[in-house]
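This report covers helix packing, the chain interface and some backbone details of one model. The sequence and structure come first.

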There are 2 protein chains.
Amino acid sequence: MPIVLYDLAGGDGRRFSPYCWRVRLALAHKGLEVETRPVCFTEIAAIGPGQTTVPVIEADGRQMRESFDIALHLEETYPDRPSLFGGEGGVALSRFVEAWANGVLNPGLMPFVVADIHAIVADKDRGYFRESREKRFGGRTLEALQAGREERLDGFRKTLEPLRAVLRRQPFLGGAAPLYADYIVAGSLQWARVVSAFRILADDDLVADWFGRVLDLHGGLGRSQRAA
Amino acid sequence: MPIVLYDLAGGDGRRFSPYCWRVRLALAHKGLEVETRPVCFTEIAAIGPGQTTVPVIEADGRQMRESFDIALHLEETYPDRPSLFGGEGGVALSRFVEAWANGVLNPGLMPFVVADIHAIVADKDRGYFRESREKRFGGRTLEALQAGREERLDGFRKTLEPLRAVLRRQPFLGGAAPLYADYIVAGSLQWARVVSAFRILADDDLVADWFGRVLDLHGGLGRSQRAA
């Protein structure tokens, strides 16, 4: 029986959660079959008792949440399949990549795409999304948050410099081949790619090259969700 | 014969290079004897042919530079001693920590301590240091760069949030025990600690707790260099 992934979906079914993409790519990395079940924001609570966020996976009748915990579970459960971490040091330091992605990259991307997200979420999610995000960002409207993004682009791109410094040396954050750390960061860029037609990365950016390589992995899984 | 480390020194002999501290701590982690040789900026070229930066180590009559390359060399040469990376994934992802430390943390710290560094370098380094750094920072004087640092402190401390997010989960960046990644970041904080009496970290900061733990390692090696 395939593992079930409850996967955040927009009104037209598109899958756009950075955290769900981390898990989707991690499952593919381990060569595991998956059945994705689309859920919108306001359906998350119905996934199961105590569920407040996605991704949630269901395997052997048990639900599990939190993308990093799911990746650890997969690593432990399928030790003979390609490693997601490359050893204990890789596990520990993937936490730093996660912290940077969640604390710097995602908040950095948000003001470029937040109104575009609102436009693609399910109708019944719109009120929830607007209210919760406008509250989170100090009461500014989604449209005000996103305004002037062209002028902010150079500043944002500079924050990606640590990625570039690594990618000058090696094709993936994980080294010669991708690890979960690659999926952490690629999940964020996939989020932006799927919700917004706004071009976050310059074509000649090393980060764009790398992201393209990640989209190509596992039979082009990332590209199977078309860009906005 | 102990490994020789050419170690950047101030006018009073204090060791303050973040990159040299990375290597110093890595050598201790491997339990290796070291003989440090103080050099000031303007003596680096005399270390050996082609040398332009420290650290440089000398072992078996051969010189080697670049802190990360030295750490990799130690890992390879002494595989039976405590690992600096915790596996191949740890090597790859330590590059991201290095990129963040070199590209975000060090430039972030610089305007808090740059005039203080000038005050502690050897007399014969002063001209070189002022000229090269003022040129690097767009012609502003060291004193202008450092001015108003109290007002900039909150902003700088926010940039450490990725460290805090990791340290909420685990005592070291490397997990339950330190890895080279810890020494990368601690080297930067040691640099600030050794050159400047300005308090970069709040006492109740998780990063300060962790830094204290790193200073305590290997018989208190980090603390053996007293704070400014």
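## Helix packing

In chain B, helix H1 (residues 18-29) and helix H2 (residues 67-77) pack at an angle of about 10°, with their axes 9 Å apart. The model is a predicted one. H1(B) and H2(B) are therefore roughly parallel to each other, since angles under 35 degrees count as such. On the H1(B) side the residues that meet H2(B) are B:Tyr19, B:Arg22, B:Val23, B:Ala26 and B:Leu27, and on the H2(B) side they are B:Ser67, B:Ile70 and B:Leu74. Sorted by class, this contact of H1(B) with H2(B) has six nonpolar residues, one polar residue and one charged residue.

Chain A has a helix H1 (residues 18-29) and a helix H2 (residues 67-77) that pack at an angle of about 10°, with axes 9 Å apart. That makes H1(A) roughly parallel to H2(A). H1(A) contributes A:Tyr19, A:Arg22, A:Val23, A:Ala26 and A:Leu27 to the contact, and H2(A) contributes A:Ser67, A:Ile70 and A:Leu74. The classes in the contact of H1(A) with H2(A) are six nonpolar, one polar and one charged.

Another pair in chain A is formed by helix H8 (residues 180-195) and helix H9 (residues 206-220), which pack at an angle of about 95° with their axes 10 Å apart. H8(A) and H9(A) are therefore roughly perpendicular to each other, as angles from 65 to 115 degrees are counted that way. From H8(A), the residues in contact are A:Asp182, A:Tyr183, A:Val185, A:Ala186, A:Leu189, A:Gln190 and A:Arg193; they meet A:Val207, A:Trp210, A:Phe211, A:Val214, A:Leu215, A:Leu217 and A:His218 of H9(A). Ten nonpolar, two polar and two charged residues make up the contact of H8(A) with H9(A).

| Helix pair | Angle | Axis separation |
|---|---|---|
| H1(B) and H2(B) | about 10° | 9 Å |
| H1(A) and H2(A) | about 10° | 9 Å |
| H8(A) and H9(A) | about 95° | 10 Å |

## The interface of chain A and chain B

How much area do chain A and chain B bury between them? The value is about 2000 Å², with 77% of it on carbon and sulfur atoms. A:Leu93, A:Arg95 and A:Phe96 supply 34% of the area that chain A buries against chain B, more than any other three residues. The contact takes 27 residues from chain A and 27 residues from chain B.

Between chain A and chain B the count of salt bridges is zero. Four residue pairs are in polar contact across this interface, with both residues of each pair at pLDDT 80 or more. On the side of chain A that touches chain B, helix H3 (88-120) and helix H7 (161-167) of chain A each supply at least two residues. H3(A) gives the most to that side, with 13 residues. By class, the residues of the side of chain A that touches chain B divide into 15 nonpolar, eight polar and four charged.

## Salt bridges

Over all chains, a search of the whole structure finds 35 salt bridges. One pairing is between the side chains of A:Arg95 and A:Glu98, which meet in a salt bridge at 3.0 Å, N to O. A:Arg95 and A:Glu98 both lie in helix H3 of chain A, three residues apart, about one turn of the helix. A:Arg95 is also one of the three residues that together supply 34% of the area chain A buries against chain B.

## Backbone details

Most residues other than glycine have a negative phi, and most peptide bonds are trans. The peptide bond from A:Val54 to A:Pro55 is cis, with omega near 5°. A:Pro55 lies in the loop between strand E2 (34-39) and strand E3 (56-59) of chain A. In chain B, the bond from B:Val54 to B:Pro55 is cis, with omega near 5°, and B:Pro55 lies in the loop between strand E2 (34-39) and strand E3 (56-59) of that chain.

Where is A:Asp60 found? A:Asp60 is in the loop between E3 and strand E4 (62-65) of chain A. Phi of A:Asp60 is near 50°, a positive value in a residue other than glycine.

Note on methods. Residues numbered from 1 in each chain as written. Chains lettered and ligands numbered in written order. Predicted model: local features only at pLDDT ≥ 70, side-chain atom pairs only at ≥ 80, totals over all residues. Heavy atoms only, no water. Axes fitted to C-alpha atoms, helices over the stretch in contact; angles between N-to-C directions. Helix = DSSP H or I, 4+ residues; strand = E, 2+ residues; numbered from the N terminus. Parallel < 35°, antiparallel > 145°, perpendicular 65-115°, else oblique. Contact = heavy atoms within 4.5 Å. Nonpolar A, V, L, I, M, F, W, Y, C, P; charged D, E, K, R; others polar. Buried area = accessible area lost by both parts, 1.4 Å probe. Salt bridge = Lys/Arg side-chain N within 4 Å of Asp/Glu carboxyl O. Polar contact = N/O pair within 3.5 Å; in protein donor to acceptor, adjacent residues only side chain to side chain.
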